[in-house]
Amino acid sequence: YTENQIQMARLRADRWIDSSTQWYRLDFVLYNPNVGLFIAVELKFTFDNTGMLLSKFNSETVASTTYTTWTDINRLVFEAILVIFWAVYFVVHTRRNTPDF
């Protein structure tokens, strides 16, 4: 057995995976203090109805020292303005489309 097969057998034995399982997803975040980076990792395993195991891997790296220069601070201000406009748009359109009871 490989390590993956042992882990899959352990998940089946602990009833995390059974014949009705369609997919299994594992998300975690790691931090590397040497370079000041966070990495968010997503692993998704899909069990096909023919017995195939399909895997998907996605990762995103983010610097932990954001908004330290003037360019970053300008970006923060514009992102805040965008979030405010989005919130106002959402509230206005939600109130407009809400039926009166």
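**Note on the predicted model: contacts, exposure and overall shape**

1. Salt bridges. The count comes to two salt bridges. Side chains of opposite charge can pair when their charged atoms come close. Both pairs are taken in turn below.

2. Arg 25 and Asp 27. Asp 27 bridges to Arg 25, with the closest N and O atoms 2.9 Å apart. Asp 27 is partly exposed at 44%. Arg 25 is partly exposed at 43%.

3. Arg 75 and Glu 79. The other bridge joins Glu 79 to Arg 75, and here the closest N and O atoms are 3.0 Å apart. Both residues lie in helix α2, four residues apart, about one turn of the helix. Glu 79 has a relative accessible area of 30% and is partly exposed. Arg 75 also counts as partly exposed, at 44% relative accessibility.

4. Aromatic pairs. How many aromatic pairs does a search of the whole structure find? The search finds two. Tyr 31 and Phe 38 make a tilted pair, 4.7 Å centre to centre, with 40 degrees between the planes. The pair is called tilted because planes under 30 degrees apart count as stacked and those over 60 as edge-to-face. Tyr 31 is partly exposed, with a relative accessible area of 43%. Phe 38 is partly exposed too, at 36% relative accessibility.

5. The stacked pair. Trp 86 and Phe 90 form an aromatic pair that is stacked: the centres are 5.8 Å apart and the planes 15 degrees. Where does this pair sit in the fold? Trp 86 and Phe 90 are in helix α2 (residues 70-96), and being four residues apart there, they are separated by about one helical turn. Trp 86 counts as exposed, at 55% relative accessibility. Phe 90 is partly exposed, with a relative accessible area of 49%.

6. A lysine over a ring. Lys 44 lies over the face of Trp 23. The distance from the ring centre is 5.1 Å.

7. Nonpolar surface patch. Which residues form the nonpolar patch on the surface? They are Trp 70, Ile 73, Val 77, Phe 78, Ile 81 and Phe 85. Together they have about 680 Å² of accessible area. Phe 78 is found in helix α2. At 58% relative accessibility, Phe 78 counts as exposed.

8. Fold order. The protein has two helices and three strands. Along the sequence the pattern reads α-β-β-β-α. Helix α1 covers 3-13 and strand β1 covers 23-32. Strand β2 covers 37-47. Strand β3 covers 53-63. Helix α2 covers residues 70-96.

9. Overall shape. The radius of gyration of the protein is 22 Å, whereas a compact globule of 101 residues would have one near 13 Å. Along its principal axes the C-alpha trace spans about 55 × 55 × 20 Å. Of the 101 residues, 9% count as buried. Buried here means under 20% relative accessible area.

10. Arg 15 has a positive phi of about 65 degrees although it is not a glycine. Where is Arg 15 placed? Arg 15 is in the loop between α1 and β1. Is the residue buried or exposed? Arg 15 is exposed, with a relative accessible area of 77%.

11. Ser 64 lies in the loop between β3 and α2. Ser 64 counts as partly exposed, at 31% relative accessibility.

12. Val 35 and Asn 74. Val 35 is found in the loop between β1 and β2. Val 35 is exposed, with a relative accessible area of 54%. How far apart in space are Val 35 and Asn 74? They are 24 Å apart, C-alpha to C-alpha, and 39 residues apart in sequence.

Technical notes. Residues are numbered from 1 along each chain as its sequence is written. This is a predicted model: local features need pLDDT of at least 70, side-chain atom pairs count only at pLDDT 80 or more; totals for chains, interfaces and linings use all residues. Side-chain values use heavy atoms; hydrogens and water are left out. Rings of Phe, Tyr and Trp (its six-membered ring) pair if their centres lie within 6.5 Å; planes under 30 degrees apart count as stacked, over 60 as edge-to-face and the rest as tilted. Buried means under 20% relative accessible area, exposed over 50%, partly exposed in between (1.4 Å probe, protein chains only). A charge sits over a ring if NZ of Lys or CZ of Arg is within 6 Å of the ring centre and within 35 degrees of the ring normal. Patches are made of residues with over 30% relative accessible area and no salt bridge: like charges are joined within 9 Å, nonpolar side chains (Val, Leu, Ile, Met, Phe, Trp, Tyr) within 5 Å. Accessible areas come from the Shrake-Rupley method with a 1.4 Å probe; for residues, only the protein chains shown count as cover. A salt bridge is a side-chain nitrogen of Lys or Arg within 4 Å of a carboxyl oxygen of Asp or Glu. The radius of gyration is taken over C-alpha atoms; the globule rule is 2.2 Å times the number of residues to the power 0.38.
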